[in-house]
Amino acid sequence: MTGSGRNARRARRCPTAALLVLVLLAALAGCGPGGPGTRTEGTDTAAQGLLDRWAAAVRQRDEAAYLAAVDPAADGYRAERRRVFAGLGQVPLASWEYRLVRTGGFGPLPGDGHRVAAEAELRYRLDGYDTAPVTTSLRLTLVRRGDRWYVAGQEPASGGGQLWEQGTVTAVRGERSLVLGVDQDPARLRALADLADRAVPAVNAAWQGGWAERVVVEMPASLERMAALLGAPASHYRGIAAVTTGVVGTGGASPASGATGEGTAPADRIIVNPEAYGALGDFGRRIVLTHETAHVATRSRTSAATPLWLSEGFADWAAYRTSGRTPRQAAPELAEAVAAGRAPQQLPEDADFGFAGEAGRLARAYEEGWLACRMIAEEWGEEKLVAFYRAVGSHRSRAGALDAALREVLGIDRADFTGRWRSYVAAGLGRPTG
């Protein structure tokens, strides 16, 4: 990637933990019916009713009703919620709802009040872009004052937060994209939308249809804010231009509906690191956006069986497919290793794509995966590459998935495939003669 090397690469991040219900550690106080802190059906009903009213206020853009659900005694939290509500102003919502998972007791407040801990799921869809809800888990503090219940505090149960919690969101719509940014120049967001609009048809030509053909891109104010969205240290993403978040599909058809699963995966978000992305040239930015868009397109056909060399390699193949770049131009780290007599012997493992290791190893892992997918496209054809990707992802676990797909789609075994790939790498990256 010109001007950026492989530091602009990204790693698949699938925050499935954000969909899991986490068990509260707070024990119920009291041991008899009606005792302090005891969970009751009435409490759960009241809590869900409160959350229903809160969600309706967001959908109806009713700030007064939204703040009416917030504890009047929690001044700091009320101010925070007012800022969050304002931050949502330009976000196009198709749905927004809360589902109570469980409540647990904290005990009585002074007077006739009562306080409980609650777990809930927020589910929302962006209008025109999400075919399934984004779901995130929350820990809430609810209080009863007199005969009314209020929300008094919250924090994510796992993972990161939402962009509008970081400030007022500016929304820019493209023909095939929605770009959401905080503390960003609208012109910069428009340029990002234009690149995303170009990435969608480029990926569609490579993946050959079967996805929503639109993307949502988020650009927070800084690397630190990006890391906060992802719930990870900023050091994990320093030099990484963008990542795609989402939940991998299960592959094959749903037994209940007979659907293929395509177009129904929970929504992905491309999250851009404004610092690393800003350091790229035009070509590098185009490659990054196309690579990330390829992850959005292939998500419903990516499963636990899909090795990272295949998912990352395919995304790079889609990005470089019409670029005219040679292997030596697009894989400089691997070319250097081959020239030094350190040609790879095996396809990269998932661990090779981690951020914590040696930077050159991460770059080489991407390049090795890209060349494997490029080899399939050249020697078997692009349709076979897509069929191979889908065949691997149709399995629910890693065991046997790759070997089965190699036999069924390409007609070879793993040893033969690895040998061909090693020869392909050597031929494409070997020291030039003459």
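Is serine 397 buried, exposed or partly exposed? I looked this up before anything else. Serine 397 is partly exposed, because its relative accessible area is 41% and the partly exposed class lies between buried (under 20%) and exposed (over 50%), with a 1.4 Å probe and protein chains only.

**Ground rules.** I am working on a predicted model, where local features need pLDDT of at least 70, side-chain atom pairs count only at pLDDT 80 or more, and totals for chains, interfaces and linings use all residues. Residues are numbered from 1 along each chain as its sequence is written, and side-chain values use heavy atoms, with hydrogens and water left out.

**Serine 397 and helix 13.** I placed serine 397 in the loop between helix 12 (382-393) and helix 13. Helices (H or I, at least four residues) and strands (E, at least two) are DSSP runs, numbered from the N terminus. I then checked serine 397 against alanine 304: they are 93 residues apart in sequence, yet 5.4 Å apart in space, C-alpha to C-alpha. Next I went to helix 13 (residues 401-410), which is mostly covered, with seven of its 10 residues buried. Among them are Leu402, Leu406, Val409 and Leu410.

**Aspartate 197.** I found this residue in helix 4 (residues 186-207). Aspartate 197 is buried but has no salt bridge, a term for a side-chain nitrogen of Lys or Arg within 4 Å of a carboxyl oxygen of Asp or Glu. The nearest side chain of opposite charge is arginine 190, 5.3 Å away. For charge, Lys and Arg count as positive and Asp and Glu as negative, while His and the chain ends are not counted. I also listed the contacts (heavy atoms within 4.5 Å). Beyond its neighbours within four places in sequence, aspartate 197 meets Gly174, Glu175, Arg176 and Ser177.

I traced five strands in the order 5-6-7-9-8, with mixed pairing. Two strands pair if DSSP finds at least two bridges between them. The twist averages 20° from one strand to the next. Strand 7 (residues 215-219) and strand 9 (residues 269-272) pair in the parallel sense over two bridges. Here glutamate 218 stands opposite isoleucine 271. Helix 5 (residues 223-230) packs on the sheet and touches strand 7, strand 8 and strand 9. Its direction makes about 150° with that of strand 9; axes are lines fitted to C-alpha atoms, for helices over the stretch in contact, and angles run from 0 to 180 degrees between N-to-C directions.

Strand 1 (residues 93-108) pairs antiparallel with strand 2 over 13 bridges. Tyrosine 98 stands opposite leucine 122 in strand 2. Strand 2 (residues 114-126) has 10 of its 13 residues buried. I counted 11 bridges from strand 2 to strand 3 (residues 134-145), also antiparallel. Histidine 114 has arginine 144 in strand 3 as its bridge partner.

**Cores.** A nonpolar core is a set of buried Ala, Val, Leu, Ile, Met, Phe, Trp, Tyr and Cys residues joined through side-chain atoms within 4.5 Å. The largest has 72 residues, and Trp317 is among those with the most contacts inside it. Helix 11 (residues 359-379) gives this core its largest share, 10 residues. Tryptophan 317 touches, among others, Trp370, Cys373 and Leu385. A second, separate core of 52 residues includes Tyr66, Leu122, Val151 and Tyr237.
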